[in-house]
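Trainee: I'd like a close look at one part of this model, with its charged side chains in mind. Please take me through it step by step.

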Amino acid sequence: MTSSAERGMSIPMLDDFLAYTLAGMRPGALEAQGACANHSVRWSWLDDGVLLMEPVKQEEDVRSVLASAGVHGDETAPIELLSRLVRDIAHGGAALTCRVLVILGNVDAMRDACRYRDDDLNRLFSGRHTQLPHSHEAPRAAALERAATQFFAAASQEPGARWHVDMHTAIRASAFEQFALLPHTGKPFSRAMFEWLGEARISAVLLHTTKGHTYSHFTAQACGAEACTLELGKVRPFGQNNLTRFAGADEALRHLLAGTRNGNVPTPMPRVFTVIDQLTKQSEAFELLVAADVPNFTPFAKDTVLARDGDYRYIVRHDEERIVFPNATVKPGLRAGLLVVETTEETLSKLV
């Protein structure tokens with residue numbers, strides 16, 4: 001039996017994947033897969049907010065790209081970008097020469113217009129969800145780990161064939177409105193990734209130096225993916241985003257999926273900052289000694305006291321340190337901020 005896509009009809013799921021997902025709709029067994037884009041693309045609905053699309057004809061070592069958004073439910077702009085991308089691929093308006101797994105992360109939080117219900121989903125990967133079995137987010141973390149593992153199990157082993165782009169928006173303003181975070185794997189960083197980030201008009205890159213529990217950390221460590229987390233702007237409700245502000249990342253992702261590069265003038269590489277320390281909230285007595293609305297990447301001079309918690313003090317040790325993701329309202333035991341220093345020249349000289 002042919003699906004409605006194969007019969008040339010419009011598919012509501014593909015025309016508006018976001019609305020379909022938010023409505024809690026699930027396809028019947030005979031409508032969970034089909035072909036689109038004039039029969040050049042196969043698609044399969046795998047789970048709530050999880051959609052696989054791949055070219056019918058593909059090379060042996062075709063690239064596999066996991067494109068995710070909504071791991072925090074209130075970060076709506078990249079969710080809307082991915083939904084629009086699905087529509088454009090389905091109608092032939094965006095070329096697809098590789099496998100792509102589109103994931104809308106914390107769907108329940110998206111429906112509730114909140115960041116998460118019980119626990120930050122982007123701190124529950126690499127198995128940490130097993131420590132919080134009663135959390136509403138724990139089963140979703142496990143499901144997203146399975147989706148990534150199964151997707152990359154069928155991927156090429158060739159270098160650079162596995163990618164994960166996890167798109168977010170920030171809670172606060174930033175000295176660099178659009179920036180990226182790269183997970184720590186112990187391996188050299190990829191020139192291809194930095195060039196792609198430059199094409200996406202990412203101004204700055206933050207390098208982690210320890211293992212984390214984010215989705216991009218999981219795919220980098222467990223699946224061997226070239227993984228990044230993108231921070232593309234500010235949190236806004238659905239329908240209130242000016243998506244033209246994210247045209248750089250949108251176009252770069254489309255080029256990645258099409259197997260093409262932007263033919264315009266080469267874009268500059270982003271500036272690079274490396275994590276040197278973390279502020280951890282140890283108790284409810286924790287205080288951040290910065291303005292509540294301090295932008296990400298705000299610089300502080302040596303000897304500045306940034307935080308205290310009982311006998312604990314964090315004092316700037318370098319001539320300049322910048323704070324990223326300051327948040328005194330997290331639960332005790334969680335990260336309340338990162339401290340970074342600039343390492344642009346050193347990092348770019350070691351790319352492979």
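Where is Asp61 found? And what surrounds that place in terms of charge?

Mentor: This is a predicted model. Asp61 sits in the loop between strand S3 (50-55) and strand S4 (64-69). Its relative accessible area is 43%, so Asp61 counts as partly exposed. Asp61 also belongs to a negative surface patch, together with Glu59, Glu60 and Glu158.

Now step back into strand S3. Side chains of opposite charge can pair when their charged atoms come close. Glu54 does this with Arg42: their side chains form a salt bridge, 3.9 Å from N to O. Glu54 lies in strand S3 and Arg42 in strand S2 (residues 41-47), so the bridge ties together parts 12 residues apart in sequence. Glu54 is buried, at 14% relative accessible area. Arg42 is partly exposed, at 35%.

Strand S2 has another link. Its Asp47 pairs with Arg140 of helix H5 (residues 138-153), so parts 93 residues apart in sequence are tied together. The closest N and O atoms of this salt bridge are 3.8 Å apart. Arg140 counts as buried at 14% relative accessibility, while Asp47 counts as partly exposed at 25%.

For context, the structure holds 20 salt bridges. One of them joins Lys331 and Asp119, at 3.2 Å from N to O. That pair links distant parts of the chain, 212 residues apart. Elsewhere, Arg84, Arg87, Asp88, Asp250 and Arg254 are linked in a network of salt bridges.

Technical notes. Residues numbered from 1 in each chain as written. Predicted model: local features only at pLDDT ≥ 70, side-chain atom pairs only at ≥ 80, totals over all residues. Heavy atoms only, no water. Patch = residues over 30% accessible without salt bridge, like charges linked within 9 Å, V, L, I, M, F, W, Y side chains within 5 Å. Areas by Shrake-Rupley, 256 points an atom, 1.4 Å probe, with all protein chains shown as cover. Salt bridge = Lys/Arg side-chain N within 4 Å of Asp/Glu carboxyl O. Lys, Arg positive; Asp, Glu negative; His and termini not counted. Charge placed at Lys NZ, Arg CZ, Asp CG, Glu CD. Helix = DSSP H or I, 4+ residues; strand = E, 2+ residues; numbered from the N terminus. Buried < 20%, exposed > 50% of the residue type's maximum accessible area, 1.4 Å probe, protein only.
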